[in-house]
Amino acid sequence: MMVLDPKIAHNDYGSFQSPGVGASAHHRGVEIASVALPPGDAGLHGHEGDGEGEGDAEGARLAGDMTQSDLYQRQPLLPPSAKNDTWAGGTKSGGLHSPTREYYDDTSGDGLAIHRNGGLVSSTSNGMVQIDMPAPLREEPRFPKEKWKTFVAFLILVINFLITVTSLAMVHERVPDREKYGPLPDIFLDNVPAIDWALSVSEVLIVISVYAVLIVLVFHKHRFIVMRRVFVILALLYLMRSITMFVTVLPVASVTYYCSPKLNSTSTAVVVQRMWQLFQGFGLSINGKHTYCGDYIYSGHTVMLTMSYLIIAEYSPKRCFPVHWVSWIVSVSGVILVLVAHGHYTVDVIIAYYATTTLFWIYHTLANNPTLKQHGPNNFLARCWWFPLFQYFEQNVGGPVPRQYEWPLPWPRWCHGKHPNRNS
């Protein structure tokens, strides 16, 4: 067996030819310094007492006959043999020191050596070397559940809904008298006669849309992230609505809608009683709880219908585009039915659509771009008044939420396959 001088161990080895055909000993700037012949190799040299000149000549001749594969097999990557290894020091021919001290940190008793870069090198009986490289590190976006943040977002939604019904309970006493003030001029209401049952149909469509949204949220893999986004956006919309309908009170748009008589009093007991009644009915008139007027700018019906479509389109599978179209048709139909029933002015619907879509798209733009989650000289979206609230809920979300779904319950077990999550 032949070994090279250790000073070539760190060079870039290239192929070379025999000096007999005119090839140079230099290849790509690499110089082959010397070849040491280990003792005991039959057929390579005579006996131990032969002169160094004969051994050098024989080594030079063999160096010219080496091929590139022979040279690579003599890399110091090979582990030392158990016995009589020429890499071990102390041989009569002046053997070289073992390179394992330089390339390996530790060697176990079973023939495994740990490389300094973390790889695992194992040697086999036939001289083959197997290197097990560590798995590459991959930075995956993280989507922590943070259930307590979702609960906080739900509490914020409940508080803002209570603020909205409180505003309506007080606005009811400020609604202009029907006998003195009729509905305001409106391009749609003036040309479409009122149909009372249309409002009930619109609210039925709202209930259907809300149930469809709940199905999407429950079966979404990252349901807690999506839920708190929905809670926060709805909370902001309800808060802004409580302000707009309180500062400007419009006359009743419908001449047939029933409004509870005024008490000319806004005592705490009256306000609390009205709040509880409105809270029980979730702001809908089909259950007979919504008998107070004045909540016009802007339309809560339009907010719920628009939000339902946006959530379904954003978080449901893309291959379910027929569901997206059905949701869009339901939302548009519900808004039109609200206008047909004269439940809102046209401007209420326009403002509600603009406020809902703008807030939804701005929020998700910020959430899906990590660079926009921090204040910066060019990040004007960070100047929104609700940006600190957004940072609190979205700071640990590592990117756009994927459309993945799973069975939400631990049972039955057959619903949890080997790969329960399904991407769309």
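Predicted model: local features only at pLDDT ≥ 70, side-chain atom pairs only at ≥ 80, totals over all residues.
Let's start with what the record says. The unreviewed UniProt entry annotates "transmembrane region" at residues 151–171, 197–219, 231–253, 296–313, 325–345 and 351–367. Take two of those stretches and look at the model itself.

Now for the backbone. As a rule, most peptide bonds are trans, and most residues other than glycine have a negative phi. With that in mind, have a look at the bond joining I297 and Y298: this one is cis, with omega at about 0°. Y298 belongs to the loop that runs between α7 (268–281) and α8 (300–315).

Next, the phi angles. E146 has a positive phi, near 50°, despite not being glycine. You'll find E146 in the loop between β8 (129–132) and α4 (147–171). Is E146 buried or exposed? With a relative accessible area of 13%, E146 counts as buried, because the cut-off for that label is under 20%.

H342 is another non-glycine residue with a positive phi, this time near 60°. Where does H342 sit? Look in the loop between α9 (321–340) and α10 (346–368). H342 is buried too, at a relative accessible area of 10%.

Definitions and conventions: Residues numbered from 1 in each chain as written. Heavy atoms only, no water. UniProt positions renumbered as here; feature names shortened; annotations may be inferred. Helix = DSSP H or I, 4+ residues; strand = E, 2+ residues; numbered from the N terminus. Buried < 20%, exposed > 50% of the residue type's maximum accessible area, 1.4 Å probe, protein only.
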